[in-house]
Amino acid sequence: MSLLPSRGVRWLLLVLACLGAILLFLLATASANTDLFARRYDLLLVLNGTMVVLLMLLVGYQLWRLRHNLNAGVFGSRLAVRLVLLFALVAVLPGALVYAVSVQFLGKSIESWFDVRVDRALDGGLNLGRGALDYLLKETGNKADQIAQALAEGGSAQIATRLNRVAEQTSVHEATLYTTTGTLLAVAGVGGSTATPEPPPAPALRRARLQQTYAAIEQAPEGGLLLRVVAPVNSDNRLEPLRVLQVLEPVPKSLSQDIEKVQAGSRDYQEITFSRQALKRLYALTLTLTLLLALTTALGLAVVLSERFAAPLGLLAEGTRAWRRATSPGGSR
């Protein structure tokens with residue numbers, strides 16, 4: 001049976017070990033990068049597993065060849081086996097100890113991410129932001145009620161002028177008056193925008209027809225948050241049609257950004273919480289592949305080194321046998 005040359009085994013082992021180290025580096029990089037992790041982690045996991053299997057097969061071949069030499073009575077093979085066992089013991093015990101400590105440390109570290117105080121702090125930040133927005137929305141609703149009451153007392157005469165005066169007194173950003181069908185009647189406010197005002201949404205118009213006030217916190221088209229209050233404007237003259245007042249107030253930019261940051265942090269925290277066990281398995285699998293790659297590479301190098309150490313003994317034995325044959329009676333000198 002032809003065996004793979006020792007030099008070829010050494011080079012193949014070196015190439016596989018280098019490729020495995022590169023794949024492990026890419027795997028660790030993917031674990032720290034969310035986009036790369038989502039797109040390439042499964043492929044890297046398969047490649048690393050394949051590399052570990054190839055290294056195991058190569059080391060298994062080396063061990064089989066070492067056993068073959070031992071059974072054939074090759075001089076120095078027993079010493080090579082002992083050296084392999086010694087090197088394997090030196091590599092396996094520290095590696096297994098570091099692996100066990102790393103897994104325990106990783107599990108405790110992941111659990112420490114989910115501190116109750118962190119969860120409560122995020123909930124408190126969200127509640128604080130909601131409370132601030134509710135307060136601003138209530139203030140906007142009070143301004144809308146004041147404007148609606150002022151417009152109702154004077155009827156429809158000079159309604160645009162009165163809307164502009166009351167809007168300036170209450171310092172609203174934008175106040176618009178519509179019919180119940182959404183036709184614009186007048187616009188005022190300190191916002192100073194020359195664009196066409198955005199009409200009230202259909203649910204707000206329906207609530208206004210039912211003599212109900214509509215209040216909502218919405219996402220502004222240009223970014224940030226927007227407070228919208230839509231209220232009915234009743235007139236003392238029952239013959240006049242019902243009008244609808246809409247008041248828009250932007251949320252202060254700093255408050256809007258802080259609320260968005262807290263919400264984003266809370267979402268990320270909840271996602272991590274849901275994937276706690278998956279994270280443990282993920283990092284434990286990465287550590288296991290790292291351990292297997294390191295141990296198989298170390299074991300393969302141990303076989304190579306043991307054979308190199310035992311090779312001079314084999315040459316010495318061969319030279320001794322040749323000298324004995326040459327000096328024995330009847331041997332050729």
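Five strands form an open sheet in the order β2-β1-β5-β4-β3, with antiparallel pairing; two strands pair if DSSP finds at least two bridges between them. The edge strands are β2 (184–188) and β3, each pairing on one side only. From one strand to the next the twist averages 20°. This is a predicted model, in which local features need pLDDT of at least 70 and side-chain atom pairs count only at pLDDT 80 or more, while totals for chains, interfaces and linings use all residues. Residues are numbered from 1 along each chain as its sequence is written, and side-chain values use heavy atoms, with hydrogens and water left out. Helices (H or I, at least four residues) and strands (E, at least two) are DSSP runs, numbered from the N terminus.

**Strands β1 and β5**

- Strand β1 (residues 174–179) and strand β5 (residues 243–250) run antiparallel and are joined by six bridges.
- A175 has V247 in β5 as its bridge partner.
- Helix α5 (residues 159–170) packs on the sheet and touches β1, β2 and β5, where contact means heavy atoms within 4.5 Å.
- The direction of α5 makes about 30° with that of β2; axes are lines fitted to C-alpha atoms, for helices over the stretch in contact, and angles run from 0 to 180 degrees between N-to-C directions.

**Strands β3 and β4**

- β3 pairs with strand β4 (residues 225–233) in the antiparallel sense over six bridges, and Y214 stands opposite V230 in β4.
- Five residues lie between the strands of this hairpin, and G223 there takes a positive phi near 105°.
- Buried means under 20% relative accessible area, exposed over 50%, and partly exposed in between (1.4 Å probe, protein chains only).

**Nonpolar cores**

- A nonpolar core is a set of buried Ala, Val, Leu, Ile, Met, Phe, Trp, Tyr and Cys residues joined through side-chain atoms within 4.5 Å.
- The largest such core has 23 residues, and those with the most contacts inside it include I147, A175 and V247.
- Helix α4 (116–153) is one of the elements that give two or more residues to this core, and α4 gives the most, with six.

**Residue Q62**

- Q62 lies in helix α2 (residues 34–71) and counts as buried because its relative accessibility is 0%.
- Q62 and G300 are 238 residues apart in sequence and 7.3 Å apart in space, C-alpha to C-alpha.
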